[in-house]
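Open the model in your viewer and keep the selection tool at hand. This tour goes from one residue to its surroundings, then out to the whole chain.

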Amino acid sequence: MNRTPHIIIPAILCSVTAFANANTLSDESAIEKITVEASPTANKLPVGTFDSPISNLEYDPRVDLQSRNMAEAQADVTIRGGIFENTGFRVGSTTLLDPQSGHYFAEIPIAPQMLSSPDVLTGADNALYGMNSSVGTVSFGWKPIITGGSVSLGIGTNDFNLQSIHAAKNTQLDSLANYTLGFEGEYSHSQSDGTIDNGDHDFSRASARVQLASEHSQTDLFFGSQDKFFGWPNLYTPFGVNETEELETRLLMLNHKQNYAQDSNFEVSAYYRTHDDHYIYSRENPSAFEAFHKSEVKSLALSGHHAQSDVFAVNYSAQFIDDSIESTTLENNFTSRKYYKLSVLPEYKMALEDNKQLTFRLGAAFDDTNRDDSELSLIGDITLNTQNSKGFERTFYLSYAEASQVAGYTAIGGSDSGGLFRSNYTLERETTKSLELGLLVDEQTWQLNSAIFYRKDDNLTDWTFNFDSSSARFANPVDINTTGIEFLATKHFETTEIVASYTYLHKSENYGAADIDASFYALNFPDHRITLGAVWNPTDILEFRIDNEWRKQHENALRGSDDDALFTHLTLKITPPMVKNLFITLAADNLWGESFEEIPGTPGRGEQYTLSATYSW
């Protein structure tokens, strides 16, 4: 089904309507119609492997993805100048946490065909729905199962090969009136020698789900398994060593969402997740240093929207997480934790003259664990929406949100006196306060999204470097003030769609220490960033898709490359008219051979070219 894309940046996601952005069954209000699900990038599939929920986020203007090897290998997703551990990944109502490190938050063994496009929640919505993610949350919902499927084969440079199959079947139940039963499964595999020396990979994923759905409800039972091996020079350390990592992720999830009464709904999610990590510091000398980690996470979550009347409603979210870890490197007897969060955000709507509506939301969130101090956080925003009969819509908003989180086990539970990765036992709960002002303008053929924000992070856990130390990195707290401006414009022509964005960030930091020469994460951000994407359909046979990103990165003493970078992802899709349901794709990533170090001290990815064919039914 073709749908005019409305691209939404975080500022709008956090303020226009909380429930629509939570990927739950929502009302058909006029405000919600702005947040039509769409991709903010022209390309939807990666070039170097099979697609995953985080594919192509590096060209997404809403986030900054800092990858090692490639995004699907090891992806640090940051939002509005935060760091990877400030960003949560939410499926249904629950956040997929990994207790060892935020490096593994994006290990999600779910086929993207099963999920809605990602929503990026910031500000008030992140404070309401996020869990242990103080800056932003990438949120997904479960799609209804539709009968069909596809099979893909691909080859490419660097001895790349790809195989993927996906199939789904949905049938009407005779025993239960108005209910359908769906089955869906997927298997994908890819491997290559890598875009640089010692950058090889071998990935596989298998996922399946069963779905029972009706007009007012949807229940999904899912299991996914993902195995990954990849190598990269200076993967986590800046010492010129060829490192490798082997990951095994298993996820079992049950999700139910329900509409009831008028404009009311809720969603319940539960999951069990295991993640095994085998890290080798030197592939030439594995015995020099290697680490084994096995984490286990159980979670139960509830979120919803209850409308008491046409003018008053309550948004709410609650989540419990219980995690534990077995590790060869943790020494502080800090190997388990229980997390609790409850947030309530009442809203009041006021109809004004001239098709205007004013919405007030004011509430709070409570966070606690069995090991850390608790925190009560204020959440609130004001939204003014204006519409007319010609399809024009304009939204102003002002929001203030507080959020908090606690540090991962690698930061707080390892050795604090030596080793490659030095922990810090004094780390306290991190707190974030953000204020933002935004404007959305929506016309029939173009949209403009804009925001200006200020965020204050206290006790943010960062990883830093000292040139005189034998340790690769230190966990250190830092207080940072971040100011940002965001613009995103889209324009739709008869055969072309264009998306362009500009982001500016400025930071002032205080580490309270003099022995810090460089920051791997908190000070690894673009001062200026521009994205430009386009989709062009000159004929029914040909389709061109291009994504571009230019950035001016903040200076970093560890970075060996230039601070400027230009990346391009180009795809040509050919649909031969003589073979129904078949298309052929020629794709190129990093078209200009950019060697920019996305993580300071870690080599950037090289060029990748692929040829693939997909047959669907």
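**Stop 1: one residue**

Select Phe223, which lies in strand S11. Strands here are DSSP runs of E with at least two residues, helices are runs of H or I with at least four, and both are numbered from the N terminus. The model is predicted, so local features need pLDDT of at least 70 and side-chain atom pairs pLDDT 80 or more, while totals for chains, interfaces and linings use all residues. Numbering starts from 1 along each chain as its sequence is written, and side-chain values use heavy atoms, without hydrogens and water.

Buried means under 20% relative accessible area, exposed over 50%, and partly exposed in between (1.4 Å probe, protein chains only).

**Stop 2: the strands**

Now show strand S11 (217-233) and strand S12 (242-260).

**Stop 3: the whole protein**

Zoom out. Colour by secondary structure to see 3 helices and 30 strands. The radius of gyration is 23 Å, close to the 25 Å from the globule rule for 617 residues, so the protein is as compact as a globular protein of that length. That radius is taken over C-alpha atoms, and the rule is 2.2 Å times the number of residues to the power 0.38.

Next, show the C-alpha trace alone. Along its principal axes it spans about 65 × 60 × 50 Å. Finally, colour by burial: buried residues make up 59% of the 617.
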